[in-house]
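Dear colleague,

Please find below the structure that I am handing over to you, with its sequence. My findings on helix packing and aromatic side chains follow it.

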Amino acid sequence: MGESSVKTLETRTEVSSSRVAGDEARPVAQRALLPRLRAPRRPRIWFEILLIGVSYWTYSLIRNAVPEQKADALANADWLWDLERTLGIAVEQSVNHAVNSVTWLIVGMNYYYATLHFIVTIGVLVWIYRFHPGRYAATRMVLFATTGVALLGYYFFPLAPPRLMNGGHFVDTVLVHHTWGSMASGNLKHMSNQYAAMPSMHIGWSLWCGLTIFAVASAPWARILGLLYPTATLVVIVATANHFWLDAVGGMLCLAFGYSVSRAWYGSLPHRLPREPEETGPHPATSALLNRFRRA
């Protein structure tokens, strides 16, 4: 009788101890999971292609699904134009007319606007993926957060570009010079929301490219080109009458938000992270998903 009582007490003590140990280990494991989720890992090419493709498709779908509030967009354009004139920075019309008088220059800017926005951005992503894998995820997060928050601007502040203003006397350079490739004018304009000019993602993306190159590249000429790219883009978006100066400011604010999100998640700005990833194993979320499939 005494021996059974002792065994029962020992058993209960062991069970209680294991429960306590389990309860203590669970929060530790949960606390350890967050650093593991935040740790940069070597990116997988198939996953990145899929993620970027789906993300851009979703962004375009939402952007174009925003109602084209023409009356509000034109009213906002008039208000913004008046604000710029009050501030003394309303020189877009002069730049637009001056550059439009030089045919080869404005045609080149039209093609610049239609193509480099995508080509350079993808090129920088590939470069970081290939040569700075430890910084890739944080750099990509900046771009994604910047693009995502821009959707709020398109929804809450519909804005007509200068070329669509009533009585603005701006030249739609794509229409005048019959330039191929831009969704802002011509036959392709129905494929894109014409009143989503604020903020300018041409500036948001080009500045992201420029700052990334400047912060990470070692060659001085590359760093200089990195800074020149968003500067040239700013001139192009104004000369082609696709954006106001203040649209560019909106793009910069979105980029600042993107950097803030990335820094909050990774604890550092992208260029300050190690060039090579510290974690080489599978991502915890991927492991959890695979384990669930295996159990099923």
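In this predicted model, helix H5 (residues 103–131) packs against helix H9 (residues 220–239) at an angle of about 130°, and their axes lie 10 Å apart. H5 and H9 are therefore oblique to each other, and their crossing is left-handed. On the H5 side, the contact is made by Ile106, Met109, Tyr112, Tyr113, Leu116, His117 and Val120. H9 contributes Tyr229, Ala232, Thr233, Val235, Val236, Ile237 and Ala239. Sorted by class, the residues of this contact between H5 and H9 comprise twelve nonpolar and two polar ones, with no charged residues.

Tyrosine 129 counts as partly exposed, at 21% relative accessibility, whereas tyrosine 136 counts as buried, at 3%.

Tyrosine 155 and phenylalanine 156 also form an edge-to-face aromatic pair, with 5.1 Å from centre to centre and 80° between the planes. Here tyrosine 155 is partly exposed, with a relative accessible area of 47%, while phenylalanine 156 counts as exposed, at 63% relative accessibility.

Finally, one aromatic cluster is formed by Trp81, Phe170 and Phe244.

Yours sincerely

Definitions and conventions
Residues are numbered from 1 along each chain as its sequence is written. This is a predicted model: local features need pLDDT of at least 70, side-chain atom pairs count only at pLDDT 80 or more; totals for chains, interfaces and linings use all residues. Side-chain values use heavy atoms; hydrogens and water are left out. Axes are lines fitted to C-alpha atoms, for helices over the stretch in contact, and angles run from 0 to 180 degrees between N-to-C directions. Helices (H or I, at least four residues) and strands (E, at least two) are DSSP runs, numbered from the N terminus. Angles under 35 degrees count as roughly parallel, over 145 as roughly antiparallel, 65 to 115 as roughly perpendicular and the rest as oblique. A crossing is left-handed if the near helix is turned anticlockwise from the far one by less than a right angle, and right-handed if clockwise. Contact means heavy atoms within 4.5 Å. Ala, Val, Leu, Ile, Met, Phe, Trp, Tyr, Cys and Pro count as nonpolar, Asp, Glu, Lys and Arg as charged, and the others, Gly among them, as polar. Buried means under 20% relative accessible area, exposed over 50%, partly exposed in between (1.4 Å probe, protein chains only). Rings of Phe, Tyr and Trp (its six-membered ring) pair if their centres lie within 6.5 Å; planes under 30 degrees apart count as stacked, over 60 as edge-to-face and the rest as tilted.
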